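Please keep the display in view while I talk.

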Amino acid sequence: MATGINIRTYFNGTWHAGDVPVMRAADHAMWLGTSVFDGARYFEGVSPDLFAHCERVNRSAKALMITPTHTAEQMVEIVQEGLAAYPKTAAVYIRPMYWAIAGDELGIVPKPDETGFAICLEEIPMAPQGAATTLTTTQFCRPTLSSSVVNAKAGCLYPNNARMLSEARSKGFGNALVADALGNVAETATANVFMVRDGEIFTPVPNGTFLSGITRARHISNLAKDGTKVHETVLGFQDFREADEVFLSGNMMKVTPVKEFDGTHYQSGPITKKIREMYWDWALSR
């Protein structure tokens, strides 16, 4: 699934030019969906929180009973070697991946220590500053840990995201504001979400139905150092209709302002702009 250009693939201990095949027809992940990945970013010569993303892909693998084969430190070193082939002006999506190769006697449970590993680098531009999206509701919701591996960044979770996005686009919107199983707002189809009301910043409390993102945590940390508290709390759709600003937080674009939620319009306000500036200042100071 080539999304970007100038792809490089690390597989079987070496870097390859292009989008090379890495999985076989009988691999466990091919037919049972046991694959995990993570996504980091390289832009303006920096790769913020790369180590944290590499740590998380190992946690995701363990959640799917896949045995990790590389430490976070080893992955960072491999990624840095691969990034050396790109100009410092490039914006690159960094995707380490694991998948299960073999299963047990019934074919269902992944066998330990039989793991596929690859890293894919793709040039994908960062969104222009100020580029915004729109939100609507969706009939689909986030699952719970008792029914799905929501504690992992797992490929098998993404068909649910895809149908949320497809429904939103069919209604003329860019993304979907998604509920958990109890009907409270969890995140969007593709990213964590924040809202601002009367100068206060709110975000849904992590409740085990969605990944509390690395970039989300970075925004909260940056704001705390600036003396601003983020309220992690239970939020409903009406809270977002009464918000002054709404923005998305994710690795791919870091901060994405929201300009509309089902007919409620927002300014791309000063707090959203400040959070984006704070993130870039932090990232470029590494």
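This is a predicted model: local features need pLDDT of at least 70, side-chain atom pairs count only at pLDDT 80 or more; totals for chains, interfaces and linings use all residues.

Let me begin with the lining of the second largest pocket, whose residues divide into nine nonpolar, four polar and no charged, where Ala, Val, Leu, Ile, Met, Phe, Trp, Tyr, Cys and Pro count as nonpolar, Asp, Glu, Lys and Arg as charged, and the others, Gly among them, as polar. Residues are numbered from 1 along each chain as its sequence is written, and side-chain values use heavy atoms, with hydrogens and water left out.

The second largest pocket holds about 200 Å³ of space. Of the 13 residues that line this pocket, the closest to its centre are Leu32, Thr34, Leu64, Val149 and Cys156. As for the terms, the search uses a 1 Å grid over the protein atoms alone: a cavity is a set of points where a 1.4 Å probe fits but cannot get out, a pocket is an open set with protein on both sides within 12 Å along at least five of seven lines, and lining residues have an atom within 4 Å of a point. Grid points are joined across faces, edges and corners, and a volume is the space filled by probe spheres set on the points.

How many cavities of 30 Å³ or more does a search of the whole structure find? The search finds one, and about 40 Å³ of space lies in the largest cavity. Its lining is made up of Ala127, Pro128, Gln129, Gly130, Ala131, Met253, Val255, Pro257, Arg276 and Trp280, which divide into seven nonpolar, two polar and one charged.

I turn now to strand β13, residues 245-249, where five of the five residues are buried, buried meaning under 20% relative accessible area, exposed over 50%, and partly exposed in between, with a 1.4 Å probe and protein chains only. Both faces of β13 are covered, with Glu245, Phe247 and Ser249 buried on one side and Val246 and Leu248 buried on the other. Helices (H or I, at least four residues) and strands (E, at least two) are DSSP runs, numbered from the N terminus, and two strands pair if DSSP finds at least two bridges between them.

On that basis, β13 pairs with strand β10, residues 192-197, in the antiparallel sense over five bridges, and the bridge partner of Val196 is Glu245. Strand β14, residues 256-261, also runs antiparallel to β13, the two being joined by three bridges, with Leu248 and Thr256 as bridge partners. Six residues lie between the strands in the hairpin of β13 and β14, where Lys254 takes a positive phi near 75 degrees.

Next, the cysteines. The structure holds zero disulfides, a disulfide being a pair of cysteine sulfur atoms within 2.5 Å. For Cys54, the nearest cysteine sulfur is that of Cys120, 14 Å away, and Cys54 is buried, at 1% relative accessible area. Why is the sulfur of Cys156 too far for a bond? The closest cysteine sulfur, in Cys141, is 16 Å away; Cys156 itself counts as partly exposed, at 41% relative accessibility.

Finally, the charged pairs. The structure holds nine salt bridges, each defined as a side-chain nitrogen of Lys or Arg within 4 Å of a carboxyl oxygen of Asp or Glu. One of them joins Glu122 and Arg95, with the closest N and O atoms 2.9 Å apart; Glu122 lies in strand β6, residues 115-123, and Arg95 in strand β5, residues 92-100, so that this pair links parts of the chain 27 residues apart. Both Glu122 and Arg95 are buried.

Another salt bridge, at 2.7 Å from N to O, brings together the side chains of Arg216 and Glu232. Because Arg216 lies in helix α5, residues 214-225, and Glu232 in strand β12, residues 230-233, the pair ties together parts that are 16 residues apart in sequence. Arg216 counts as buried, at 2% relative accessibility, whereas Glu232 counts as partly exposed, at 39%.
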